[in-house]
Each structure stands twice: as structure tokens, then as C-alpha cells.
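Please walk me through this structure. Start with the whole chain, then move to the details.

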Amino acid sequence: MTDKTTRRNFLLTGAAVAGGIIGSTALQQNQTDSAQSTAQNTAAKSTGKMLERVLGRTEIKVPIFGLGGAGQTPLSWQGKEGDAVAIIEKAIALGIRYFDTAANYGPSEDYFGKVLPSHRKNIFLASKTDARDRDGAWRELERSLKRLNTDRLDLWQMHHVSFTEDLETIFGKNGAIQAVEEAKAQKLIRFAGITGHHDPNIIAEGLRRYSFDATLIPVNAADKHHPRPFLPVVLPVAREKNVGVIAMKVPAYGRLFKPGGLDGMNQALGYAMSQPGVHCCVVAAETIAQLENNVRVAQAFQPLSKQELAAIEQRTAAIWEDNTFFRAWT
């Protein structure tokens, strides 16, 4: 293990050589109030821009829709660089500024690293590690920075935390949380997060144990019917601690749109982004056309009423098991 100074210089030099990185600050901080009024929604819609929300205690405004680098899409498939790069470039052109990936999403970080460096000062870049120990997490962070051709992450997250044993290791002696603290001190990461789609109680406990800045959790109408739904367990803790909440599994890999389910992304995204305390969602895209449609939905978003939300939940009551399959993933 190299010393801190050597590690920092090595990563900075490597990033500059590989991608010509501009050494500027990440997404500009915005200190304004985070109230999401009808006027803000209307203004965003009229200008063709997406509504932005302040991501919890980070005090940074991000669009409500971001691009995910996983899923069954070219962004995480080997041999699909051309398709992946085209999708990422289109996302930039459409105004997407939140990009989410992970160390174990196949070539996803490499693909992002082909496009995002020249836009670095204007985007919010998040990645993850599923290592639970300090040294393993450090190795993955170093690799992520190199692959992404950047000298820093805006958000680094503990990935798919599923069991009490995960928490005990992360927060134990030589646990991954030490790498988080060290990386923050060296300004290799700005914020830290925790993600999971297995057990909401584990994510809530993680938020209680450490001052995470953000959490990435499943938010869709089918999860409402699961015996252990995420929102009632995680959101109160997140609100209490002013943690940014990012929604994932919003369309449940498209299964929510099967016969008897939802009409489309207007309902799936509308449901997720109408939940109080949810600031942003990340969805992957199989094609440019799919991405364009998703962005149009996000641009037109208006918060749904309680009656509209209840109607969407009712439409998923008979299909929730097929749409919460990811809850078994650990």
C-alpha cells in the first residue's frame, strides 16, 4: 500500500495522461432552498429542461433523471463500445448530468471514461464498490478512477449492502469505511453513499451507523406490496439525517410494463419522483430512442396526486412478485 501522497499524485497523473482531465471542481454547488413547488415544475417543463432537486445534505442540485450504467444494456456489455458511447454522448446532449456506474458493471466505467472527461466540470459522477474491506475498496477505487479517466468521484457508494454481516465488516476493523474516510481526506471522493435492493432494514441501519450523504434504493409501485417495502423503512431515516435519496429499479427492467401493469415510463417515473424525499432516479437505456423517450418523460414530469399514486399502486397489486425479483439479489 502506497502512502497517501504517493497515491494521490499517482491517480492525478494517470488521469491527466489518459484523458486530459480538466482539474476543475465537480458540479457547481447550489445553496438555494430545495422546495419543489408547482412553479418550479412548470418552469422546467416550459423550457424543456428537467426539474432539479437538491441532493440532501450535499447541497448540490441534480436533474431528477440520470443515466445508469448497468442493466441489460450496451453500457455494461463487452464489445458494445460504439453503442454505449453513442448513448452516453446523447445523454450529455439531452441535458443529463447525473451518471451512475460501478466497479463490477463490466466495461461500464471504461465506456463512461471515453466520453465524460471533457464534460467533467458539469456532471455528477457516481460509482460503487462491493468490497467490504479497506484494502479491497481502495483497489477498486483506484481502478474506477483510472477507468473513468477522472481524478475524483462526486459520490462513492458501498454497493448492494444486503446483510448484517456486510455492515459489521464495512464498519469493523480494517473495514471499507476506512477507505471512504481516507479517500474523502485526499479529495478523491466528495460524498459517500450506501446502496441496496435486498433488505431495507440493513440500509436504514447503515444510515444510522454512519453519516452517508446519499442512498440508492428501489423505488417503484410494485415494491409497495412487498412484505418488506423500502420506502416506509428507509425514507424516514433519510429525511431525519438529510440524506440524498436516488431511486433505482424504477421500471423493474421493463417488467412493470407487461400486460396488466403500468402504461409506461410516465407512470413509473411519475410514481418514483412523486415520493416525498426522493431526489433523483437512475435508469439505464438499451437504445438512444429509449433514452430520448425517458428524457421526454422526465422533462414533462409533474408530481402526481395521492389519488393518482394510489391508482398506480393498485395496478401493480397483482404483479408485484414478478416486479420485485431483484429483492432476492445479494
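Predicted model: local features only at pLDDT ≥ 70, side-chain atom pairs only at ≥ 80, totals over all residues.

Residues are numbered from 1 along each chain as its sequence is written, and side-chain values use heavy atoms, with hydrogens and water left out.

The chain has 13 helices and 10 strands. Helices (H or I, at least four residues) and strands (E, at least two) are DSSP runs, numbered from the N terminus. Of the 330 residues in the chain, 56% are buried. Buried means under 20% relative accessible area, exposed over 50%, and partly exposed in between (1.4 Å probe, protein chains only). Contact means heavy atoms within 4.5 Å. Take the contacts between residues at least 6 apart in sequence: 78% join residues at least 24 apart.

Now turn to strand 9, residues 244-248. Five of its five residues are buried. Gly244, Ile246 and Met248 point one way, while Val245 and Ala247 point the other way. Strand 8 (residues 214-218) runs parallel to strand 9, and five bridges join them. Two strands pair if DSSP finds at least two bridges between them. Thr215 has Val245 as its bridge partner in strand 9. From strand 8 the chain passes through helix 9 (residues 231-241) to strand 9, in a right-handed β-α-β crossover. Right-handed means that, with the strands pointing away from the viewer, the path from the first strand over the helix to the second runs clockwise.

Strand 10 (residues 280-283) is also parallel to strand 9, joined by two bridges. In strand 10, Cys280 is the bridge partner of Ile246. The chain gets from strand 9 to strand 10 through helix 10 (residues 265-273), and this β-α-β crossover is right-handed.

Where does Pro229 lie? Pro229 sits in the loop between strand 8 and helix 9. Pro229 counts as buried because its relative accessibility is 18%. Leaving aside neighbours within four places in sequence, Pro229 is in contact with Pro200, Asp223, Lys224 and Arg327. His198 is 31 residues away from Pro229 along the chain, and their C-alpha atoms are separated by 9.9 Å.
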